[in-house]
There are 6 protein chains.
Amino acid sequence: MTAAPSPLPEILIEPVVRAALAEDLGRAGDVTSLACIDADAIMKVQFVARQAGVVAGLDCARIAIVLMDPAATFEPFVADGDHVGAGAVLARVSGDARAILSAERVALNLLGRLCGIATLTAAYVKAVEGTHARITDTRKTTPGLRALEKYAVRCGGGLNHRFGLDDAILIKDNHVAARGGVGPALARAKAAAGHLTPVEVEVDSLAQLDEALPYAPDVIMLDNFAPDALVEAVRRAGGKVMLEASGGVSLQTVRAIAETGVDVISVGALTHSAPALDVGLDAA
Amino acid sequence: MTAAPSPLPEILIEPVVRAALAEDLGRAGDVTSLACIDADAIMKVQFVARQAGVVAGLDCARIAIVLMDPAATFEPFVADGDHVGAGAVLARVSGDARAILSAERVALNLLGRLCGIATLTAAYVKAVEGTHARITDTRKTTPGLRALEKYAVRCGGGLNHRFGLDDAILIKDNHVAARGGVGPALARAKAAAGHLTPVEVEVDSLAQLDEALPYAPDVIMLDNFAPDALVEAVRRAGGKVMLEASGGVSLQTVRAIAETGVDVISVGALTHSAPALDVGLDAA
Amino acid sequence: MTAAPSPLPEILIEPVVRAALAEDLGRAGDVTSLACIDADAIMKVQFVARQAGVVAGLDCARIAIVLMDPAATFEPFVADGDHVGAGAVLARVSGDARAILSAERVALNLLGRLCGIATLTAAYVKAVEGTHARITDTRKTTPGLRALEKYAVRCGGGLNHRFGLDDAILIKDNHVAARGGVGPALARAKAAAGHLTPVEVEVDSLAQLDEALPYAPDVIMLDNFAPDALVEAVRRAGGKVMLEASGGVSLQTVRAIAETGVDVISVGALTHSAPALDVGLDAA
Amino acid sequence: MTAAPSPLPEILIEPVVRAALAEDLGRAGDVTSLACIDADAIMKVQFVARQAGVVAGLDCARIAIVLMDPAATFEPFVADGDHVGAGAVLARVSGDARAILSAERVALNLLGRLCGIATLTAAYVKAVEGTHARITDTRKTTPGLRALEKYAVRCGGGLNHRFGLDDAILIKDNHVAARGGVGPALARAKAAAGHLTPVEVEVDSLAQLDEALPYAPDVIMLDNFAPDALVEAVRRAGGKVMLEASGGVSLQTVRAIAETGVDVISVGALTHSAPALDVGLDAA
Amino acid sequence: MTAAPSPLPEILIEPVVRAALAEDLGRAGDVTSLACIDADAIMKVQFVARQAGVVAGLDCARIAIVLMDPAATFEPFVADGDHVGAGAVLARVSGDARAILSAERVALNLLGRLCGIATLTAAYVKAVEGTHARITDTRKTTPGLRALEKYAVRCGGGLNHRFGLDDAILIKDNHVAARGGVGPALARAKAAAGHLTPVEVEVDSLAQLDEALPYAPDVIMLDNFAPDALVEAVRRAGGKVMLEASGGVSLQTVRAIAETGVDVISVGALTHSAPALDVGLDAA
Amino acid sequence: MTAAPSPLPEILIEPVVRAALAEDLGRAGDVTSLACIDADAIMKVQFVARQAGVVAGLDCARIAIVLMDPAATFEPFVADGDHVGAGAVLARVSGDARAILSAERVALNLLGRLCGIATLTAAYVKAVEGTHARITDTRKTTPGLRALEKYAVRCGGGLNHRFGLDDAILIKDNHVAARGGVGPALARAKAAAGHLTPVEVEVDSLAQLDEALPYAPDVIMLDNFAPDALVEAVRRAGGKVMLEASGGVSLQTVRAIAETGVDVISVGALTHSAPALDVGLDAA
């Protein structure tokens, strides 16, 4: 049994949903529902997954509904992180009809996107099942939605990489170039890092790996290494440092990469290219 | 020659970029560059498309750079809406090295997403080339980025559908159900609409189409019609109302839909499922 | 019986009221009530119209009260859009005395302004009663209050014109000059407009009207036309395009304008010069 | 010669103008100018008063223009506080044509409203010329614009009353009722007031005036006193406390009120019911 | 018995607490509690003063808890302004364990700071007990917390000085220098001040005091006067103007200053250098 | 020679300074300077340390000045992190006199607070000079100023602890209690932590230390250990895990703690109780 993914506090989700509603309502609100739906009409609807996938973002949907109608009820039938089949009812909603219709698109946009990320993540996780490797995201997220998208990765069984530029040092090619080598860059980073700031370095060759190992960074990222090179890297690291494979990872290649023995595989596509899961709102 | 797509005023773009930078910088900023790059280092880099595609969002990249270093220069080599090949240099940047590296991910996240949308849009536009049909987006956009994503659709040659719930009436199944038919719903909408509020109605059968036609809405959306039914709908409408096909549209099916003679084909995937274009920042 | 005016969602009103309260409370709050009113005092008061007029903005008053005292009750006796006589009680309020007194001015400022706009609008609407013409507002609204002021126009029986620069094309003299004529400007606009973007053009002579008619814009605005010229314009348009009269409209002149047969008469004064309705808060 | 009215720091004006532009630009910007005006077009225009009046708010107009085109020039020909005749050119502007047209309505809305307030204030000030009385505003301002509207009152030669609930104690009828009399309310207020918090009390009869005088408040407001009663109040106060007349003040009645010898006359209409001054933007 | 200090309306406190929570929660929330505490765990805790002091800020603590768990209960045992001994329980809290632990640090940071200010203020107030002098704060507050910190001063028995640059005129050395003397500066200020704007002037010698007295400012600040000079100043002022001593005030010197007969003693350290009171959150 | 402390990007500082200015300017701005200083007056002033200390926050002072007068010049004579003596000139400023006086208090409030923190940090750093221990801060910072205050700690030579609840796991007594022991809590945390999330645990006895050591957390915090116990803890840890001493640390006790061999000593007082450094703005 999988543990529930660490949720986001509602105080961090609400401003995103509120801004999304304001963006959609514009300056006159939902003119269609105001014209066609009676002011006192009540509606019972349900969120339905039209495709199989992994659930993420039920809180977003609930908050969108409740911000428009504080008296609405939202009854979830599944939990974030659950795998569901096509046709699964995710939640049932009852409340003011105008409010629900006004919130519908925002709820679906967030739910569809987050379920899409969770579903793609779960596909990668499944592809490496049985190996030692774990799937992780990157900072290639949608501006404004990083916390939510990284939460969706957790829902799909993935691990989170850095949340921003500030919570870990990650030395990349430009930093290496600026300092004249992996070693000097690592030395500088180690000296500057706070005692709770992890240090990771990206290397693009076994030679750079050898240069990095003596500095004992927390993680070494092997960028665009061929599987053979990954195997050799794992051998040279000897379990003394965490190894992360990155670059050119796809559902076709990820298993082979995982089988080289690396610890972590980072996949930008989880957040920058996951298709939305098709979720709809149907009469209940 | 295509006209340049209508740009967004910078005053609408800047807050999005500023928030994205704050989200990425967190509470301590780019600790890696601060550790590894000298305070007075200068850098020359270029944004490079690693895949062929359509450009959108150069302003976002420029603003990200300039917000971090007001003295940086940003020289574009292409314009939004241009089709470029793999390897194309989109823009050259020169400025404070720490600032550029701190802005890099935000610039690329926005640029990659918007180019991705423009590129997918252009593929749909090309697929219907020679027909009467135009490709349009939907409200299935990323919360917070609607204006930018709809701009990217324009860059790809697409048309914009409603920008929000407030700028056109779009009667959908729930509204029809609430009023007891397409006709009563249209009657209510026509009475309520301002003189500058367009009215569109979604129908899911030829019978509903017949019910809608006498009300002369601005647009009738034919939802999930088979090609045969679309042909018949075009015939019945007789050019007196704009017809929009929607539902089940893919790059495989769009040409056949276009050839039925509909005016507009709306494609949610343009914004909810476009993979990011792979854009990188390389040393110049 | 008039239908209730389309309401604004509370999520769009609340931030305006909240900001107004913060503006009034400053950095120390209502120092008078804190000094003179006991912390546990309860108060029963009522909003009273001191002049006859049309009601608009009851939600603003309610939200101001409730933001200061979430436990307060607010019982409305009339609805937005209602015509009331001098002395009419609009709503009764009961709750924490300090909170109510702190919210009073903000509630009255919004209520007075919105009732004032609704009342002036209703006067124009009444003046054209029995003609074909409808009264519409403009974008000459108070910065920050456009959605509320346009709602007040609806409460007075008026129609809303554009909500912003983005939801319709409105070609004015500068655009005509830039393109070298009404025709070329309309041609450009028609080509650029989305399929849901209405196109209106302002003309200042019958010659320009003739130039505009073949392009079939959604609306032609006849700017500062004398009544005779309006009659002729209506004749030339022949019912094929909506005609809007604008410029120099007052309560004295509006009837004559309406009787020319134009469809819409736009009146900037509805929002830029409506005197506030005198509303007070009295002991209940 | 009148001194220039105390200006507002730009840092307080800019957010109001920025929000007004965002409100008007919506999600797609000025679609008309984007369609009809070339991207590189330059424009020379001037702000012109179409009616005589008093100028206020030039900074708002300038900031609106410059926020849309930082390279635009804005050359004022008059200063805030100046009396100008119909047709007076207030400022000349040169810059990007699309930007100027996009900013036009916001600039005019603010300028028209603030000039309107300054002009009405000046009419009241002129009406009491030669008397001892000064004209002051109230807190009956537009939510969100208090600082600007009170500035406009200064431009018209008026004095500012409280800026909010927090910068002076003003005991009104409800406070008096809660404490059981003017005296007890004043006693409570005097004890609670900081040493820099002025204390004012509203009285509605000479008896209440007598009750207030021994407490030596900074100001006594005589609410809805007939001229005779005002004369008697002035006599009783004997110059030992500042007297403010309020209620039922109009341009017709203000002179008689002023001649009673009161120090200050407060006029809510200055801000809640001033018609906008007609200002336009013409080709230069 | 002391009256309760004037509270701040919750609408002014909540945004500060909300922003503080967002600052602490970052992009992933309280990862420790999410890992270690069960989702359904309930917790009973109490806020305990680990040092003797004066209470201020209970509302901040309550709001922090309730923003994280709207269903939590917060039962205060003391009130702001109360003097408590070491070990005193300030309030008991029961609710969702993760929520309480996530809010803990923000609650304690605000409570500790505000109690610290109230406690230091009370020490100064006690030091001058029996004299005529009152203790007041300055504008040397923490950016963003002025309203809260001035409230804490009131909780400690202190008086509030200006809340900002706008609610009183305070002529200091630079203003005097700019106008060429205390007299000309006062003349200018008196002419410019609104009728509800108090005027204070800072003087640094008895000669300047003599220059100021004829202008009858509301307050004269005696800056860095020796006790002898203060005595003489009090004599010269003869009770006709309020005198404020400032500069070089410490708990060691304040009594001697108070005994000179000045009305007010302002102490910047109340807000810029008060050590936090040690408050903790313990199992209940 | 010490390296310069890692600066904060200006984009993170500016909103804090801007909000502080708005808080101080209120609704009418600096009424004193507007009354007493001519509109075209220019001023040359300098920031002067009236006490010896360590500099931090020059950027805040510069931004405050420049936000009020974009044309002002700000010439620093020292850098953040420098130790200066009483009387040292920190920076010279020239510009619009009204603007500079309006910005003065905000600039000084931020500079005084941040220099105060840097100065106190430096005192602790000096006290442990020659030992292995480093001084670190806590999350006991001022709400809204965490990034700035942690930057000031770096300026004083200190190390930064967690920036928020999200960038490291820190297991405290409540978490231990919830899981029934240090071991189970660590097991849970290790399983939940991302690969870049450091794990720290607080222990309050040697027994708990022994329980923690096998889990190899990144850091073990020894809370309120007596020096003897710290020595024993260092012995037992054997250099295999970083040890942090916390609780009851003062300038009197810190050296003894440092000499026990712990790696890090955390001091809440650095940010919650540092007195402001006395900095003034004098004529240059």
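Which residue forms a salt bridge with A:Glu149, and how far apart are the closest N and O atoms? I looked this up in what is a predicted model, and found that A:Glu149 pairs with A:Arg113, the closest N and O atoms being 3.8 Å apart.

**Entry 1: the two domains of chain A**

I noted the division of chain A into domain 1, which covers 10-122 + 274-283, and domain 2, which covers 127-272. Their contact, as I found it, takes 18 residues from domain 1 of chain A and 17 residues from domain 2 of chain A. I then looked up the separation of the C-alpha centres of these two domains, which is 35 Å. For the area buried between domain 1 and domain 2 of chain A I wrote down about 1300 Å², with carbon and sulfur atoms giving 71% of it.

Turning to the polar side of this interface, I found one salt bridge across it by the rule, and two residue pairs in polar contact, both at pLDDT 80 or more. On the side of domain 1 of chain A that touches domain 2, α1 (10-25) and α4 (97-127) each supply at least two residues, and the largest share, eight residues, comes from α4(A). Sorted by class, that side of domain 1 has 13 nonpolar, three polar and two charged residues.

**Entry 2: chain B against chain A**

I next looked up how the copies are related, and found that a rotation of 180 degrees, with 0.0 Å of shift along its axis, superposes chain B on chain A at an RMSD of 0.0 Å. The two copies are therefore related as by a two-fold rotation axis. I also noted that 100% of the interface residues of chain B are interface residues in chain A as well, so the copies meet through the same surface.

For the extent of this interface, I recorded 55 residues of chain B in contact with 55 residues of chain A, and a buried area of about 4500 Å², of which carbon and sulfur atoms give 53%.

Between chain B and chain A I found eight salt bridges; I looked up the pair A:Arg179 and B:Asp38, which form a salt bridge with the closest N and O atoms 3.4 Å apart. The polar contacts between these chains come to 40 residue pairs, both residues at pLDDT 80 or more. Several elements of chain B each supply at least two residues of the side that touches chain A, among them α1 (10-25), α6 (173-179) and α7 (182-192), while α4(B) gives the most, with seven residues.

Note on methods:
Residues are numbered from 1 along each chain as its sequence is written. Chains are lettered from A and ligands numbered from 1 in the order in which they are written. This is a predicted model: local features need pLDDT of at least 70, side-chain atom pairs count only at pLDDT 80 or more; totals for chains, interfaces and linings use all residues. Side-chain values use heavy atoms; hydrogens and water are left out. Domain bounds come from an automatic or database domain assignment. Contact means heavy atoms within 4.5 Å. Buried area is the accessible area (1.4 Å probe) that two parts lose on being put together, summed over both. A salt bridge is a side-chain nitrogen of Lys or Arg within 4 Å of a carboxyl oxygen of Asp or Glu. A polar contact is a pair of N or O atoms within 3.5 Å; within protein, one must be able to donate a hydrogen and the other to accept it, and residues adjacent in sequence count only if both atoms are side-chain atoms. Helices (H or I, at least four residues) and strands (E, at least two) are DSSP runs, numbered from the N terminus. Ala, Val, Leu, Ile, Met, Phe, Trp, Tyr, Cys and Pro count as nonpolar, Asp, Glu, Lys and Arg as charged, and the others, Gly among them, as polar. Copies are superposed by least squares on the C-alpha atoms of residues with pLDDT of at least 70 in both.
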